[in-house]
Amino acid sequence: MRRRRLRAALTATALATAVLAALPAAVPPASAAPATLGPARPAAARDWSRAVTDSTMARYTPATIGGWSYPVGLYLYGQYLVYRRTHDPRLLSYIKAYVDRFVSADGGIAQSFDSLDSMQAGRLLVILHHETGQDRYRKAAQKIRDRLRTYPRTSDGGFWHADTSSRAHQLWADGAYMVNPFLVEYGKEFADSAYTDEEAARQLAVYGGHLQVANGLLRHAYDESKSASWADPATGLAPEHWCRAVGWYAMALTDVLDAIPADQPRRPQLLHIFGALASALEKYQDPASGRWFQVVDKGGRSDNWTETSCSSMFTYALDRGARQGYLDRHFEAVARRGYQGVLARLSVGGDGRTDLSDISVGTNVGDYAYYVGRTRAVNDFHGLGAFLIMNEQLRGDSVS
């Protein structure tokens, strides 16, 4: 019954340009200052998820938002969470119109899936199968599942970040999010959880075992061969704790714990990793802003800066973890401070559209100077997607 209603809604909404032509720009709050006085600060009562999705859909059509990529996939997953709450058919129609650029009527998809990054948007395939029942999305998603059968791994079973010589033998914390939430969602949708739950838990355990160090944080990456230019010759670890890499892992950990059964054998190890990470995040949270720094443990340096996407990721993971019983309940207060800090980076321009600032652009593995020198973008999809995931988790909380 639900799928029939959704199919009708999708048809009535006119999937492509007809829908998008009717999209309104985000409406500024009544108290917004004129453009000549600068951007208005957000008010607690506004539905910021709606404002961000309206603003983004007004800026981009499904044809212009970008190619098949993990930043767009992240953003559209966040948009789907807003759809689940609001049931606004425009949000799902937009996602479908984007995905249908890449998936043919017979389920073909022209992607090699030779990197974990390329798999993240596969979550949208699972979503669209769930919402529409169309078998082409199952066939496209199965291509990722089948690729994992031959995908290269470290000696202890961790998926390489990419199947290329420049990424051989490497685990990046980013990759934990690119494949594992997809895996558990695929397993639930297609009755494959016996494999997918075990694989996702195994990946997070392997990644955490290599990347987490004594202070509870994760290094950005690990090279089993110890041959990468950034790898410590003794440990194979990257030199720094880059905030979004840690954020990717934290969100993946939360999503997988939500999905796997209570008696999953690796669950105690994952909870231990999460507890140590949460304590470290509390320690390194900026007391002035509530956000977290681009290089997490070096906030005392004058050239370091608080970054919005990772702050959203940490806020989501800490709040979700505390509410689900994975963490102590006091981490909800840590998350609320993070939420307030992220909202302080959100403004409304004279055009009535939202702007989210201080988002690091896509980033390789590097040293401290490399990370703090990264461009601080506005409305980058890494930040918009993480914001929506966070806001849908915490939007009912007071932010005054």
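**Asp358 and the E6–E7 loop**

I went to Asp358 to begin with, and found it in the loop between strand E6 (354–356) and strand E7 (359–360). This is a predicted model, so I kept local features to pLDDT of at least 70. Phi of Asp358 comes out near 60°, positive in a residue other than glycine. I noted that because most residues other than glycine have a negative phi. Is Asp358 buried or exposed? Its relative accessibility is 12%, and the cut-off for buried is under 20%, so Asp358 counts as buried.

**Thr354, in strand E6**

Next I looked up Thr354, which sits in strand E6. Its relative accessibility is 2%, so I logged Thr354 as buried. Which residues does it touch, leaving aside neighbours within four places in sequence? I wrote down Trp48, Ala51, Val52, Ser55, Arg59, Leu346, Ser347, Val348 and Asn379. I also checked Thr354 against Asp54: they are 300 residues apart along the chain, yet their C-alpha atoms are separated by 8.8 Å.

**Lys226, another positive phi**

I found a positive phi at Lys226 too, about 60°, and it is not a glycine either. Lys226 belongs to the loop between strand E2 (221–223) and H10. With 34% relative accessibility, Lys226 counts as partly exposed.

**Arg244, in helix H10**

I moved on to Arg244, which lies in helix H10. Despite its charged side chain, Arg244 has a relative accessibility of 1% and counts as buried. I then listed the contacts of Arg244 beyond four places in sequence: Glu307, Ser309, Cys310, Met313, Ile359, Ser360, Val361, Gly362, Thr363 and His382.

**Ser312, in helix H12**

Ser312 is placed in helix H12. I read 0% relative accessibility for Ser312, so it counts as buried. Not counting residues up to four places away in sequence, Ser312 touches Val342, Ala386, Phe387 and Met390.

**The largest pocket**

H8 gives the most, with 6 residues. I sorted the lining by type and got 12 nonpolar, 4 polar and 11 charged residues.

**Helix H4**

H4 is mostly covered, with 15 of its 17 residues buried. What caps its N-terminal end? I found Ser69 there, with a side-chain oxygen 3.5 Å from the backbone nitrogen of Val72. Just after H4, His87 takes a positive phi of about 60°.

**Helix H5**

I then counted burial in helix H5 (residues 89–99): 10 of its 11 residues are buried, so the helix is largely enclosed by the rest of the structure. The buried ones include Arg90, Lys96 and Tyr98.

**Helix H9**

H9 has 19 residues and reaches 26 Å from its first C-alpha to its last, close to the 27 Å expected at 1.5 Å a residue. I noted its buried residues, among them Thr196, Asp197, Glu199, Ala200, Leu204 and Tyr207. What covers the buried residues of H9? My list includes strand E1 (170–172), H8, E2, H10 and helix H11 (267–284).

**Whole chain**

I ended with the totals. The secondary structure comes to 15 helices and 8 strands. Of the 400 residues, 60% count as buried. Among contacts with a separation of 6 or more, I get 71% from residues 24 or more positions apart.

Key: Residues numbered from 1 in each chain as written. Predicted model: local features only at pLDDT ≥ 70, side-chain atom pairs only at ≥ 80, totals over all residues. Heavy atoms only, no water. Helix = DSSP H or I, 4+ residues; strand = E, 2+ residues; numbered from the N terminus. Buried < 20%, exposed > 50% of the residue type's maximum accessible area, 1.4 Å probe, protein only. Contact = heavy atoms within 4.5 Å. Polar contact = N/O pair within 3.5 Å; in protein donor to acceptor, adjacent residues only side chain to side chain. Expected span 1.5 Å × (residues − 1).
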